[in-house]
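Morning, everyone. I have one structure to walk through, and I'll keep it quick. Please bring it up on your screens.

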Amino acid sequence: MSFVAVREVERSYVLHPGSPFRQPAVLKALRGIKLDIAEGEILGLVGESGCGKSTLARLLLGIEQPSAGEVSIGGRAISAFSPRERARLIQPIFQDPYSSLNPRATVSAAIAAPLEIRNWGDARSRAAAVARMMDAVGLPRYLVHAYPMQLSGGQRQRVAIARALIGEPRILICDEPTSALDVSVQSQILNLLIELHKTFKLTMVLISHNLAVVSHLADRVAVMYLGRIVEIGETDAVFNRPRHPYTRELLRAMLLPGHGKGLPELNLKADFPSPVSPPSGCSFHPRCAFASDICAARTPLLTPVDGREAACHHPPA
């Protein structure tokens with residue numbers, strides 16, 4: 001039984017309600033998402049901007065509810081959890097650590113906030129918990145009374161991670177946790193997340209457009225395109241031999257150290273389509289070099305291929 005289960009989830013947004021003179025515009029952010037996440041797993045979610053990664057994250061956090069389908073944790077629908085129960089079970093780490101922290105709150109106050117909201121312990125026990133968590137994330141204790149503006153970007157992200165973990169959640173949703181940081185700091189935060197995952201036995205969802213980050217952390221990777229998962233499997237298998245044309249083009253676009261060949265040429269035949277009016281059949285077919293008539297006529301389902309699942313009528317060899 002999966003720990004986190006996403007069942008045929010859809011999420012739509014009405015951009016304008018329509019009128020006698022025009023049809024309502026509906027943005028279909030998620031379309032029939034089915035996903036299982038095992039306890040203790042790190043799952044990577046990758047895809048272009050606008051593919052639905054962050055929308056799925058909001059549903060996993062319970063911030064929004066699906067238009068159709070269900071998200072459940074431990075066999076219980078996430079909509080059945082109270083906000084306080086959800087906060088104890090699942091926590092986010094956001095992209096920009098500066099905007100996610102109160103500039104008027106000290107490091108100690110920021111990290112202790114979840115404990116105070118729950119009325120956990122007294123001032124002394126909360127201070128001790130903050131000190132232990134600062135040690136766990138590699139924050140020097142002398143920063144306990146510092147403010148966010150006095151910290152580096154990496155230190156601010158460590159504060160955000162400590163705040164997320166101090167309530168002992170079981171799930172972390174990491175939405176681009178390193179993209180706002182200097183390159184020299186990114187690897188430090190990634191290695192910290194790996195260490196914390198083992199120490200606290202966390203289940204993690206890592207959302208990123210950076211495939212190198214995902215390859216470093218994730219056990220499995222799900223590739224999203226225009227609101228659907230088009231390929232999912234163990235990270236090494238998907239990265240070494242992609243079985244969906246979109247995954248292949250994403251990997252070709254990933255610049256590796258020492259590439260030395262300039263920007264790669266992508267074999268895409270059209271621009272990213274509008275989620276308000278997605279293409280028929282396979283959403284990727286207008287851009288796909290392998291597309292045939294069936295691709296425009298019928299939506300492919302996720303089907304087992306070489307130890308992973310891919311939604312493609314013509315999976316590349």
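I'll take salt bridges, then helix packing, then a surface patch, then some backbone angles and a few distances.

Before anything else: this is a predicted model. Please keep that in mind throughout.

Salt bridges, then. How many does a search of the whole structure find? The count is 13. I'll go through a few of them.

Start with Arg 7. This residue forms a salt bridge with Asp 36, and the closest N and O atoms are 2.6 Å apart. Arg 7 belongs to strand β1, residues 4-16, and Asp 36 to strand β2, residues 25-37, so the pair ties together parts that are 29 residues apart in sequence. Arg 7 is partly exposed, at 34% relative accessibility. Asp 36 is partly exposed too, with a relative accessible area of 26%.

Asp 36 has another partner. Its side chain also meets that of Lys 34 in a salt bridge, at 3.7 Å from N to O. The cut-off here is a side-chain nitrogen within 4 Å of a carboxyl oxygen, so the 3.7 Å pair counts. Lys 34 is partly exposed, with a relative accessible area of 42%.

Next, Glu 64 and Arg 11. These two form a salt bridge with their closest N and O atoms 3.1 Å apart. Where do Glu 64 and Arg 11 lie? Glu 64 is in the loop between α1 (53-61) and β4 (68-73), and Arg 11 is in strand β1, so this pair ties together parts that are 53 residues apart in sequence. Are Glu 64 and Arg 11 buried or exposed? Both of them are buried. The general point behind these pairs is simple: side chains of opposite charge can pair when their charged atoms come close.

On to helix packing. Take α5, residues 153-165, and α6, residues 183-200. Their axes come within 11 Å and cross at roughly 15°. That makes α5 roughly parallel to α6. The crossing of α5 past α6 is right-handed.

Now α3 against α5. The axes of α3 and α5 are 7 Å apart, and the helices pack at an angle of about 30°. So α3 is roughly parallel to α5, because angles under 35 degrees count as roughly parallel. The crossing of α3 past α5 is right-handed.

Now the surface. Which residues form a nonpolar patch there? They are Tyr 98, Tyr 147 and Met 149. Together they have about 330 Å² of accessible area. Zoom in on Tyr 98. This residue sits in the loop between β6 (90-93) and α3 (107-117). Tyr 98 is partly exposed, at 37% relative accessible area.

Backbone angles next. Most residues other than glycine have a negative phi. Two residues here go the other way.

One is Asn 119. Its phi is positive, about 55°, although Asn 119 is not a glycine. Find Asn 119 in the loop between α3 and α4 (123-137). Asn 119 is exposed, because its relative accessible area is 64% and the cut-off for exposed is over 50%.

The other is Asp 306. Phi of Asp 306 is near 50°, again a positive value in a residue other than glycine. Asp 306 lies in the loop between β11 (303-305) and β12 (308-310). At 45% relative accessibility, Asp 306 counts as partly exposed.

Last, two distances. Ala 237 is in helix α8, residues 235-240. Ala 237 is partly exposed, with a relative accessible area of 27%.

Then Phe 272. This residue is in the loop between α9 (245-253) and α10 (293-297). Phe 272 is partly exposed, with a relative accessible area of 27%. Phe 272 and Ser 72 are 200 residues apart along the chain, and their C-alpha atoms are separated by 31 Å.

That's the tour. Questions, please.

Conventions. Residues are numbered from 1 along each chain as its sequence is written. This is a predicted model: local features need pLDDT of at least 70, side-chain atom pairs count only at pLDDT 80 or more; totals for chains, interfaces and linings use all residues. Side-chain values use heavy atoms; hydrogens and water are left out. Patches are made of residues with over 30% relative accessible area and no salt bridge: like charges are joined within 9 Å, nonpolar side chains (Val, Leu, Ile, Met, Phe, Trp, Tyr) within 5 Å. Accessible areas come from the Shrake-Rupley method with a 1.4 Å probe; for residues, only the protein chains shown count as cover. Helices (H or I, at least four residues) and strands (E, at least two) are DSSP runs, numbered from the N terminus. Buried means under 20% relative accessible area, exposed over 50%, partly exposed in between (1.4 Å probe, protein chains only). Axes are lines fitted to C-alpha atoms, for helices over the stretch in contact, and angles run from 0 to 180 degrees between N-to-C directions. Angles under 35 degrees count as roughly parallel, over 145 as roughly antiparallel, 65 to 115 as roughly perpendicular and the rest as oblique. A crossing is left-handed if the near helix is turned anticlockwise from the far one by less than a right angle, and right-handed if clockwise.
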